[in-house]
Amino acid sequence: MLHIYCPHCCEYREEEEFHVKGQAHLARPLDPDACSDKEWGEYLYFRKNPRGLHHELWVHAAGCRKFFNVTRDTVSYEIKEVYLVGEKPSVVAHSGSAK
Amino acid sequence: MTQKNRLQTGGRINRSKPLSFVYNGKQFKGFEGDTLASAMLANGIDVIGRSFKYSRPRGIVAAGAEEPNAVMQLGATEATQVPNVRATQQELFDGLVSGATNGWPSVDNDLMGIVGKVGGKMMPPGFYYKTFMYPQSMWETYEKFIRKAAGLGSSPLENDPDSYEKINQHCDVLVVGAGPAGLAAALTAGRAGARVILADEQSEFGGSLLGTRETLNGEEAAHWVADVTAELAGMKDVMLLSRSTVNGYHDHNFLTIHQRNTDHIADKAPAGQARQTLHRVRAKWVVLATGAHERPLVYGNNDVPGCMIASAVSTYINRYGVVPGNELVVMTTNDGAYQTAFDWQDAGRKVVAIVDTRQNPQGAQVAEASKRGIQLIKGSGIIDVAGSKRVSGVSIAALSADGSAVNGSVTKLSADTVATSGGWSPVIHLAGHTGSRPVWDEKVAGFLPGPTVEKRLIAGAIAGDFTTAGALAQGAEAGRKACAELGMDQPIIELPTTQERVEHPAMTLFHIPHVKKTSEAPKQFVDYQNDVTAAGIELACREGFESIEHVKRYTALGFGTDQGKLGNIAGMAIAAKATGRTIPETGTTIFRPNYTPVTFGALVGRDRGELFDPKRYTAMHKWHVENGALFEDVGQWKRPWYFPKAGETMQQSLDRECKATRESVGILDASTLGKIDIQGKDAREFLGRVYTNAWAKLAVGKCRYGLMCGEDGMVFDDGVTSCLGENHFIMTTTSGGAARVYEWLELYHQTEWPELEVYFNTVTDHWSTMTISGPNSRKLLEELTDADVSNENFGYMDWREMKVAGVPARVFRISFTGELSFEINVQANFGLHVWEKLFEKGAKYNLTPYGTETMHILRAEKGFIIAGQDTDGSVHPYDLGMGWAVSQQKPFSFIGKRGMAREDCVRDNRKQLVGLKTTDPSVVLPEGAQGVFDPKAPIPMPMVGHITSSYWSANLGHSIAMGLVKGGLDRMGEKVYYPLADGRVVEAEICSPIFLDPKGERQNV
């Protein structure tokens, strides 16, 4: 069970209080109607499945109900950082592949 | 029966407290301080079970958690049965009842043993796969036979009378294992003021110190253990847990500890006490001081009772005052096991010989053996053992210098006990639970914990230092390291002086060769619990299973409750040799939680029966119970399902409820509907983005139905949202979808459109909601309010604030039945009062309560959908014939708009929701039935959609159904056929799903 620091509550809390919402930084296209089916399909369905660093969106569902981002290593489950929605991660994989 | 193997003095047992116990129906005696295993050995019980596959007689091999054979069935009554208890870990208590888990009809006379005796050639690895796979139709017959043959213990058939509990814990340092290393670590951290938990699986602290005659500070090691334990017990932030196995090491230093509170006292916990406790610990730092297990050597017939691990023999003598035999032969690759011969001799029994696999062993232990007059046979090994239910002799042969072959003649000696040592394996199980790969260490001749991201330290034998001095020093150092990481003082504790001896180099040897090649030699067991032999591993390698993970699965090496504690390393060494690789090249399998079996009771704790899951009740629940409602679970809600009257069948109740509503007035407790309060200057804009229809012009006092879709264009929830003020709305959702919808709104607000000023709050539980529905509902409402509720002043899809039954209410003129309806919302604590007032005034209108089932029928008569029943995530609004609820003109591209414009969403022949009228009006189609256009088509028939809703309509006098049909909206009047499982084929005609009042006149009066 993960131990997650909520950047809004400023506390470590148990994973049971959170929901994971999948890959972070999936911006909704500003003009969906201008997207081709392929582009919309990419936005809707295609997700990264990296071995290593992964940027994820989480919500403190049974706590403050706020969303935030997590950089997590999918091999070790280590959480490298948490950061607010709208911010960029500071821990990123090198040259497109994980360590 | 006498305890023929019990010594007159010595050990940590209390000879003045005799205890009776039962094994396989016979009475025996032991003493306080015994384990079940030590008491069995004291009584000379040799055979404690039959092996899993070959049904060979087996005896006790070890003295701790690593015991593979003595896995017992415990329990004096049916309800208190516990399978899979290691006799070596079960403390003896008066009245303990135990039995062997396998052996049929009995362990001493086992029929399956004959199969095993006929020989290994009959049951090679993969025997069951190879033999019982074909023909497949016979599997059920085979399975019964195999299950019966393979004793796995039996679970109780009655409810467990005991209670269990779970506790969440937090600490600075969790120390696992209270041997010399763990005690030193805990003492250091404790003195620094850290919050410490020290857990050990045994009944008392001390670990390896309990089973030896080693001294600390020149006196019995137990004194130092007692002093340290007493000091720790006096520290307010230190928690000492004995009889507590740390079973799982999970991510982010989350560990589970299985504490057995009363298993050592009685068959059943004393009243008011939890039998076991599961501690769920989040530790800032973890110190693993789990020690090491001695490895037995692998040799011919090494499973005959009487073959034991050398250190276990010493433990039985020194800790329990039990010598498990009369004539001992020791076989060893190292100096350590010499001590077992000395312990045995000092106990007054005969040591036949020490067989040392090393060509030229030297040093103090060798000198001591010579001084004691013990025969030392160098450069040799025991290649075979005689006897079946007890060792009667051994065959010894000289070995080549590397131990790979027999190169001398065979000598036979008489003996009844064989104690072997092939070195020590660090107990790395916990260290591997979070995925860290063990690393082979040549010097240790074992695997050590690999690198980890966890905040974890190791100390003592787990780190490859098998000396007491090393364990103490490493423990203290680990304690200081943890304190330093925690920013605390790092006290230096005074370590006791130890008696160390110079150990001469050990030989790395796992498998003693036989004069015959392994495949023809007597069985050489590697993994006792799974009956895996050296020949079996070699065969698996010959058959192409090269990866150790494949060898494991093919042979079952390291499977089950044993998790390869004794056999894994030897098995890997044999596989390495067979494939011409080194052990590190071969690699190791990794371990999973749990280290030893955990009872379901401990995992469940109090989360059972009434406390299994929270229940949600509406404010009117008491009334429903008193009026005979039957309930349905909707999420965690308990909703009235229907209200049967005496003598009614369910259908009769539903018919009565449906008719009463349409003829006069019915009432539904709708409090469970999700309610979300939405405020802010951009609330209206936000609604327009998450709903498919338009919200810009909804005036204060008005209500509107909305469909909510995902980005893929598929409907996922629906409900009515009402405008309470220019910037204030209340949204209703389905009962089951409330939490999901709320999170969805927050997701879009927080991550996509944070610039919108809008706030959400769930107010589901704040309101009691009761819907009165039917032609007399207005008359009923008028009796309880002064407000003007006429159609002119309070029209359909309006809402008004008013007092009802004297309390403030929001009343919504919305309808899910198609009748004139009023949905009365009052503060939840007024709910029951208003409900009762309605019944007081409603008696003359035959006000009839109805539940979810009648609600479903009434709405289906009107063709109203239920999201999640008539939709399944693959249905968009146009598929539902609800294009009227989609506004393509809105300036913002609302959620779902782009999705429902995808090529696949606009093609012809999609499955669409239609009404279905069976040709025989009395037949009610089963929901889920699959339709076909041509019932005579060859199987598999092309399926065209399924029935989503289907009921008997008492109001219409015929059955009604809704379902998805390919191209259904363009097939009005055509026939669909539903072939059912019972062979019937039901014919139905596609029609409008609005079966009653298609113009909607009834709700507009």
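The model is predicted, so to speak of local features a pLDDT of at least 70 is needed, side-chain atom pairs count only at pLDDT 80 or more, and totals for chains, interfaces and linings use all residues. Residues are numbered from 1 along each chain as its sequence is written, while chains are lettered from A and ligands numbered from 1 in the order in which they are written.

The interface comes first. Chain A gives 21 residues to the contact and chain B gives 20 residues, where two residues are in contact if their C-beta atoms, placed from the backbone, lie within 7 Å. On the side of chain A that touches chain B, helix H1 (residues 37–45) of chain A supplies the largest share, three residues. Helices (H or I, at least four residues) and strands (E, at least two) are DSSP runs, numbered from the N terminus. That side of chain A comprises eleven nonpolar, eight charged and two polar residues (nonpolar: Ala, Val, Leu, Ile, Met, Phe, Trp, Tyr, Cys and Pro; charged: Asp, Glu, Lys and Arg; polar: the others, Gly among them).

Chain A also holds an open sheet of four strands, ordered E3-E4-E5-E6 with antiparallel pairing; two strands pair if DSSP finds at least two bridges between them. Strand E3 (19–23) and strand E6 (79–83) of chain A are the edge strands, and because each has a single partner strand, one side of each is left without a neighbour in the sheet. From one strand to the next, the twist averages 30° (axes are lines fitted to C-alpha atoms, for helices over the stretch in contact, and angles run from 0 to 180 degrees between N-to-C directions). Within the sheet, strand E4 (residues 53–59) and strand E5 (residues 67–73) of chain A are antiparallel and joined by seven bridges. Here His55(A) faces Thr71(A) of E5(A) from the opposite position.

Turning to chain B, the peptide bond from Pro593(B) to Asn594(B) is cis, with omega near 5°. Asn594(B) sits in the loop between helix H15 (583–586) and helix H16 (600–604) of chain B. Ile939(B) and Pro940(B) are likewise joined by a cis peptide bond, with omega about 0°, and Pro940(B) belongs to the loop between strand E47 (930–931) and strand E48 (945–953) of chain B.

Asn24(B), a residue other than glycine, has a positive phi near 45°. The loop between strand E1 (14–23) and strand E2 (26–32) of chain B contains Asn24(B).
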